[in-house]
Amino acid sequence: MISVTEQASLKIKEMMAEEDNPDSLYLRVGVTHGGCTGFTYGMGFDDQKQEDDTVLEQHGIKILVDAQSIPYLRGLEIDYKESVMGGGFTLHNPNAVATCGCGQSFRTATDAGKPEEC
């Protein structure tokens with residue numbers, strides 16, 4: 001459903017190691033309404049698994065995805081790129097038919113979400 005590249009997993013593990021109780025943390029990936037295009041990605045650490053969460057594991061990282069986000073994230077690839085300007089995560093979503101300029105929001109062919117003014 002979601003793939004995490006080797007480079008992204010190394011950065012995620014590095015970031016988790018800086019947190020309290022890193023062994024009890026999940027990477028939570030989800031989608032909410034908003035952003036310029038209709039849906040906004042969310043990604044962060046969570047120590048609580050909810051009843052409707054799907055749990056995935058890649059490269060030793062436990063990933064949580066809530067039931068409402070699954071249809072929008074099927075096939076998502078999370079990568080991490082370093083450049084002379086710094087580094088950052090990139091999300092490649094095959095479901096997105098339009099994205100905003102910053103790449104943080106999107107819409108699908110079947111759902112426009114609820115865009116906000118940017």
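In strand β5, Leu-64 is the bridge partner of Arg-28. The model discussed here is predicted.

Strand β2 covers residues 26–34, and strand β5 covers residues 61–65. The two run in the parallel sense and pair over two bridges. Both belong to an open sheet of six strands. The strand order is β4-β5-β2-β3-β9-β8. Pairing within this sheet is mixed. Its edges are formed by β4 (54–58) and β8 (96–99). Each of these edge strands pairs on one side only. On average, neighbouring strands are turned by 35 degrees against each other, direction ignored.

Helix α1, residues 6–17, lies across β2, β3 (38–46) and β5. Relative to β5, helix α1 runs at about 95 degrees.

Salt bridges were then examined. A search of the whole structure finds four. One of them falls within helix α1, where Glu-14 and Lys-11 both lie. The closest N and O atoms of this pair are 3.1 Å apart. Glu-14 and Lys-11 are three residues apart, about one turn of the helix. Glu-14 is partly exposed, its relative accessible area being 43%.

The side chain of Arg-28 meets that of Asp-46 in a salt bridge, with an N to O distance of 2.7 Å. This pair links distant parts of the chain. Arg-28 sits in strand β2 and Asp-46 in strand β3, 18 residues apart. Both Arg-28 and Asp-46 are buried.

Asp-53 is another salt-bridge partner of Arg-28. Here the closest N and O atoms are 2.7 Å apart. Arg-28 lies in strand β2, whereas Asp-53 lies in the loop between β3 and β4, so the pair ties together parts that are 25 residues apart in sequence. Asp-53 is buried, as is Arg-28.

Taken together, Arg-28, Asp-46 and Asp-53 are linked in a network of salt bridges. Through its side chain, Arg-28 meets Asp-46, which lies in strand β3. Arg-28 also forms a salt bridge with Asp-53, a residue of the loop between β3 and β4.

Key
Residues are numbered from 1 along each chain as its sequence is written. This is a predicted model: local features need pLDDT of at least 70, side-chain atom pairs count only at pLDDT 80 or more; totals for chains, interfaces and linings use all residues. Side-chain values use heavy atoms; hydrogens and water are left out. Two strands pair if DSSP finds at least two bridges between them. Helices (H or I, at least four residues) and strands (E, at least two) are DSSP runs, numbered from the N terminus. Axes are lines fitted to C-alpha atoms, for helices over the stretch in contact, and angles run from 0 to 180 degrees between N-to-C directions. Contact means heavy atoms within 4.5 Å. Buried means under 20% relative accessible area, exposed over 50%, partly exposed in between (1.4 Å probe, protein chains only).
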